[in-house]
Amino acid sequence: MPQLSALDAQFLHFETATNVANIAGLAVLDGHLHRADLQDLLERRLPYVPALRRRLAAVPLGLDHPYWRQEDDLDLDYHVREIGLPPPGHDRQLAEQVARLHARRLDRNRPLWEIYLIHGLPGGRTALYTKIHHAAVDGIGGADVLAALLDVGPEPAPPPRDEPEHDAPPPGTAEMVARGLARLAANPAHAVRFAAQAVPHLDEIPVLSQLPGAGAVSAVARRLAGAGQAPDLPALPPLPPPRTPFSGPVSAHRRFAFVSLPLDEVKQVRKAFGVTVNDVVMAVCAGALRRWLAAHGGVPGRPLVAGVPFSVRPEEGGGEGGGAGGEAGNQVAIMTAPLAVHLADPVERLYHVRHSMQRIKDRFAPVSARWLREFSESMPAALMGLASRSAFDLVGQAAPPINLIVSNVPGPQFPLYVCGVRLLAHYPVSVITDVSGGVNITAFSYDGSLDVGVVTDREMVPDAWELVTDLRAALRELRAAESGLPH
């Protein structure tokens, strides 16, 4: 009987008219895809994708986190929709349509996903916009769900030989209430345990890390804790986020833009400067944001602070919850990293990123940053909704801990197919919130390209395509520096 974890439930609770927890992808296909063929594919594959055949089962009075209830009779006419772009169907029209779809909340009375088949693109291409609620999957789980619907060749793979697993039904009303009351009684112990575990890592936790003396308190706590708390962990750089035009509460409206950057160029920069692909991606984002800020109010005198999600799921999977394959829906933490927009030289920015990211990785490597999950578990379920929304409102207006989200997800370097139609590109479409700010830049490497999706708040960054142009220019800067040419 899969139940949402406290962290999964947080993604339900923080949703408002403006904060929407959809994670999605925009696939561009090299050919025409029929809705009936896509529905037939889903009919065959869905029994093996748990995250897409579950809907919420609420606990009375909100005493506990909801359960997942298996939906055996999915209404694919509802979940798989078909729309067309008016001529000429160019990229900006496609992006505008995706932005409107992405801002809409999912119906919580149904399994939390929708697919839109979008026709009218030039060259006979088709787009596929797929969104799923963050309570059901994290970024890695979402990629797993997508992979279950794709094939490595034009011919669809045969169904697995194993019978699909079936969820046990959620408990009855009386048992739900009893379990909820038992969890409520255990919450004080969870809170004490979280406090004891959090003190040695205060300087890792957004908002709390900015409190005066947080770093010193953390260091003393680690020394007192001894070897078990890794007292020799390197200090993290102070990261007070500057105010920017995209800081603060977001509106209900989104903008979206996308671009495919040559992955071989990113790798050439990586090799020339002895850094990682992720370092190059972060530096490209820093260069793009510097250009955008210079044109919109000025570049701050210190780095921006990016929230960088990363997975804490075990390699072998397992556990409880609502994600793909029966694993917990969200096994993710977030670290904060500086983006040196205040540095004019692209090479200096790149090395600043490399140095900062290495310090952060050294710090997080010995002790996984599971504070977000542990903090969620320490809160009473009955109070979590109100507490989450109140905290989001307060932090978003008074002290946002980060300026934006930047994420880089490695993907397959070979062609994939949907119903025999080749996948040309896959652009992530992610989340912005009051706390994270009005910009999200997420990259996904696929078949020789770095496919980047940029989501912005329509009021803060009205033209997300400016950032796409700036991303291209930032990569050109690094390429020019690599070859010794003036930039």
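**Salt bridges and a helix pair**

At 22% relative accessibility, Glu71 counts as partly exposed. The model is predicted, and a search of the whole structure finds 20 salt bridges in it. One of them joins Glu71 to Arg55, with the closest N and O atoms 2.7 Å apart.

**Salt bridges**

- Arg108 pairs with Glu15, the closest N and O atoms being 2.7 Å apart, and because Arg108 lies in the loop between helix 4 (91-102) and strand 5 (113-119) and Glu15 in the loop between helix 1 (6-13) and strand 1 (22-29), the bridge ties together parts that are 93 residues apart in sequence.
- Glu15 is buried, with a relative accessible area of 5%, whereas Arg108 is partly exposed at 28%.
- Within helix 6 (residues 173-198), Arg179 and Glu175 are four residues apart and so are separated by about one helical turn; their side chains meet in a salt bridge of 2.9 Å, N to O.
- A network of salt bridges links Glu96, Arg100, Arg255 and Arg458.

**Packing of helix 9 and helix 13**

- Helix 9 (residues 277-295) packs against helix 13 (residues 464-483) at an angle of about 120°, with the axes 8 Å apart, and the two helices are therefore oblique to each other.
- The crossing of helix 9 past helix 13 is right-handed, and by class their contact has 13 nonpolar, one polar and four charged residues.

Technical notes
Residues are numbered from 1 along each chain as its sequence is written. This is a predicted model: local features need pLDDT of at least 70, side-chain atom pairs count only at pLDDT 80 or more; totals for chains, interfaces and linings use all residues. Side-chain values use heavy atoms; hydrogens and water are left out. Axes are lines fitted to C-alpha atoms, for helices over the stretch in contact, and angles run from 0 to 180 degrees between N-to-C directions. Angles under 35 degrees count as roughly parallel, over 145 as roughly antiparallel, 65 to 115 as roughly perpendicular and the rest as oblique. A crossing is left-handed if the near helix is turned anticlockwise from the far one by less than a right angle, and right-handed if clockwise. Ala, Val, Leu, Ile, Met, Phe, Trp, Tyr, Cys and Pro count as nonpolar, Asp, Glu, Lys and Arg as charged, and the others, Gly among them, as polar. A salt bridge is a side-chain nitrogen of Lys or Arg within 4 Å of a carboxyl oxygen of Asp or Glu. Buried means under 20% relative accessible area, exposed over 50%, partly exposed in between (1.4 Å probe, protein chains only).
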